[in-house]
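Hi everyone, thanks for making time for this one. I'd like to walk you through a few residues and how they sit in the fold, so please have a look at the screen.

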Amino acid sequence: MYYFFKIAEKTKPEISVIDFEKIDLGVGQIIEASKHPKADKLLVFKVDCGNGDVRQIVSGIAKFYNPADLVGKKVVVVKNLKPIKLRGVESHGMLLCASNSEDTKLELLNVSNLEAGDLVS
């Protein structure tokens with residue numbers, strides 16, 4: 001007899017603590033935000049990750065945010081992703097967000113009481 005279980009579409013395989021430790025998470029402060037010149041769904045950010053580390057990050061959150069409203073926000077950044085070009089603009093990291101299951105709400109993870117460069121663990 002076989003049993004079939006519905007698995008949530010966004011379920012990911014388990015990882016070990018060692019795998020998780022490979023992710024470099026930190027606090028970044030958005031210092032610039034603008035619309036991507038070639039993509040309506042993308043925003044382009046300059047993010048201060050502390051200690052002189054200012055990087056450009058492209059994120060697909062334009063549906064949910066006005067770029068001007070994000071300047072000054074302190075957010076969680078994945079800092080050690082390999083750089084990637086998104087519609088011709090290079091991105092050096094990822095901004096972490098949370099969303100509901102219908103993808104109708106999205107929120108940047110906000111860490112307003114910390115400083116750029118602080119560690120997330």
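Let's start with K74, a lysine that is buried, with a relative accessible area of 14%. Just to be clear, this is a predicted model. The cut-off for calling a residue buried is under 20% relative accessible area, so K74 at 14% qualifies. K74 lies in strand β4, which covers residues 74–78.

What lies 3.0 Å from a polar atom of the K74 side chain? That would be the backbone oxygen of L114. L114 also turns up among the residues that K74 touches, along with V27, G28, Q29, L109, N110, V111, S112 and E115, leaving aside residues up to four places away in sequence.

Now, on to the nonpolar core. The largest one has 14 residues, and those with the most contacts inside it are I30, F45, V47, L70, L95 and L108. Strands β1 (25–35), β2 (43–48) and β4 each supply at least two residues of this core. Which strand gives the largest share? It's β2, with three residues. As a general reminder, nonpolar side chains in soluble globular proteins tend to be buried together.

Let me zoom in on L95. Leaving out residues up to four places away in sequence, L95 touches F45, V47 and L108, and also I57, S59, V75, V76 and V77.

Last stop, P67. This proline lies in the loop between β3 (54–59) and β4. Is P67 buried or exposed? Buried, with a relative accessible area of 7%. P67 touches A33, S34, K35 and L43, again not counting residues up to four places away in sequence. And here's a pair to find on your screens: P67 and F45 are 22 residues apart in sequence, and their C-alpha atoms are 8.5 Å apart in space. F45, you'll remember, is one of the core residues with the most contacts inside the core.

That's my tour, and I'm happy to take questions.

Definitions and conventions:
Residues numbered from 1 in each chain as written. Predicted model: local features only at pLDDT ≥ 70, side-chain atom pairs only at ≥ 80, totals over all residues. Heavy atoms only, no water. Helix = DSSP H or I, 4+ residues; strand = E, 2+ residues; numbered from the N terminus. Buried < 20%, exposed > 50% of the residue type's maximum accessible area, 1.4 Å probe, protein only. Polar contact = N/O pair within 3.5 Å; in protein donor to acceptor, adjacent residues only side chain to side chain. Contact = heavy atoms within 4.5 Å. Core = buried A, V, L, I, M, F, W, Y, C linked by side-chain atoms within 4.5 Å.
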